[in-house]
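Welcome! Here is a short tour for anyone meeting this structure for the first time. Please take a moment with the sequence and the 3D view before reading on.

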Amino acid sequence: MDFKTDNPQEIVKLLSLRGEQAEALRREARKVRLREVGDKVYLRGLIELSNICTKDCLYCGIRKSNPCVNRYTLTPEEVLQAADFAHKEGFGSIVLQSGERRDEAFTCLIEQLVREIMRQSDGKLGITLSLGEQSEDTYRRWHEAGAIRYLLRIETSDPALYARLHPAGHSFEERLDCLRRLRETGYYVGSGIMIGLPFQSTEQVARDLLFLKDLGVDMVGMGPYLEHEQTPLWEHRHLIPSKKERYELNLNALAVLRLLMPHINMAATTAMGTLHPDGRRASLYTASNVLMPNITPTLRRKDYSLYENKICIYDSAQDSFRNIIKIIQEAECSLRLFEQGNPLHRGIPNV
Ligand code: 5AD
């Protein structure tokens with residue numbers, strides 16, 4: 001099936017399918033996935049470098065104004081050890097993720113870590129960064145140090161909804177500018193959204209999918225919104241769809257995006273695994289081809305709490321890895337080790 005539509009209403013219909021009709025949509029997506037990118041699944045070891053954040057997003061557990069967070073930054077040795085584990089086990093790449101900081105000390109720390117990880121892995125480990133909004137100069141420095149991919153979710157493509165989810169000083173336009181900057185700097189660019197947010201309609205999700213397509217992203221991570229009691233959005237929790245509904249909608253969104261963008265890398269998110277015990281397997285079976293095992297030192301994991309009940313916080317890196325091998329088998333996919341798994345084509349922006 002060659003699926004080309006720019007009509008949000010058509011996509012709303014697909015997102016709203018349930019039962020046997022949803023199964024048919026997801027089977028179609030799996031067919032396209034097998035044909036276009038095969039049954040391969042690539043690993044990105046996720047290192048949650050620091051939960052110190054200068055931003056105050058209304059949905060996020062590690063927002064600056066949450067006084068209950070035990071703030072940490074991993075030592076360079078801890079980061080290098082985690083990266084070494086990933087390299088030796090054959091993970092093609094790692095993701096360095098952290099709360100957002102724009103000070104020179106942080107920029108410099110990342111630059112040095114990227115260089116050192118490149119050195120200790122003989123340039124074999126693909127390095128992805130997920131460190132928020134930064135200046136052109138910072139993005140360039142990190143790219144020159146050796147990072148090849150960058151993840152920056154748009155969260156929602158609707159500027160009005162974006163404004164309801166962020167306090168003053170957080171700008172949708174700036175987020176868009178950063179995505180453009182990343183592309184210009186030469187990164188493979190990943191973005192994504194949250195699904196099942198308060199105040200969010202199915203039509204907005206449909207528009208998000210078309211937005212990701214127009215942006216020509218190379219990678220997408222999209223997962224369900226999950227509540228966190230110590231955030232301002234908690235008081236609107238009665239407005240979010242049921243767990244079952246978020247799950248169904250998320251799976252359909254993954255399926256539709258695979259039809260819209262057959263070649264991209266799509267993550268089976270930890271948030272999907274948290275929402276539903278079968279979430280990551282079902283994402284892989286349907287459309288996703290990337291998994292991000294958490295390889296943050298176990299003792300720190302509970303402090304990187306973006307949302308409640310996050311899975312894997314007591315696992316060792318070895319446990320996460322074993323668990324993930326099982327999920328991939330159950331999804332009837334094949335694990336690719338010692339490969340970076342870069343996107344097949346560079347996305348072509350249409351904006
Ligand atoms: N529920 C689900 N995802 C969340 N994120 C942050 N807070 C939450 C939440 N409460 C996601 C955002 C961010 C990524 C790092 O984590 O999409 O970009």
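What follows is a walk through the ligand site and then the cavities and pockets.

Please keep in mind that this is a predicted model.

Which residues have an N or O atom paired with the ligand?

| Residue | Part of the residue | Ligand atom | Distance |
|---|---|---|---|
| Arg-153 | N or O atom in the side chain | oxygen | 2.8 Å |
| Glu-155 | N or O atom in the side chain | oxygen | 2.5 Å |
| Leu-226 | polar backbone atom | nitrogen | 2.8 Å |

How much of the ligand does the protein bury? Of the 400 Å² that the ligand exposes when taken alone, 87% is buried by the protein.

Now for the spaces inside the protein. There are 2 cavities of 30 Å³ or more. The largest cavity is the space taken by the ligand, and its volume is about 1100 Å³. A total of 48 residues line the largest cavity. Nearest the centre of this cavity lie Gln-97, Ser-130, Arg-153, Glu-155 and Leu-306. The lining of the largest cavity divides into 24 nonpolar, 13 polar and 11 charged residues.

The second largest cavity has a volume of about 50 Å³. Its lining is made up of Leu-46, Glu-48, Thr-270, Arg-280, Met-292, Asn-294, Lys-310, Ile-311 and Cys-312. Sorted by class, the residues lining the second largest cavity are 4 nonpolar, 2 polar and 3 charged.

Our last stop is a pocket. The second largest pocket holds about 230 Å³ of space. Its lining counts 18 residues, and those nearest the centre are His-228, Gln-230, Lys-302, Asp-303 and Ser-305. The residues lining the second largest pocket comprise 6 nonpolar, 7 polar and 5 charged.

How values were computed
Residues are numbered from 1 along each chain as its sequence is written. This is a predicted model: local features need pLDDT of at least 70, side-chain atom pairs count only at pLDDT 80 or more; totals for chains, interfaces and linings use all residues. Side-chain values use heavy atoms; hydrogens and water are left out. A polar contact is a pair of N or O atoms within 3.5 Å; within protein, one must be able to donate a hydrogen and the other to accept it, and residues adjacent in sequence count only if both atoms are side-chain atoms. Accessible areas come from the Shrake-Rupley method with a 1.4 Å probe; for residues, only the protein chains shown count as cover. On a 1 Å grid over the protein atoms alone, a cavity is a set of points where a 1.4 Å probe fits but cannot get out, and a pocket is an open set with protein on both sides within 12 Å along at least five of seven lines; lining residues have an atom within 4 Å of a point. A molecule sits in a cavity or pocket if more than half of its atoms lie within 2 Å of its grid points. Grid points are joined across faces, edges and corners, and a volume is the space filled by probe spheres set on the points. Ala, Val, Leu, Ile, Met, Phe, Trp, Tyr, Cys and Pro count as nonpolar, Asp, Glu, Lys and Arg as charged, and the others, Gly among them, as polar.
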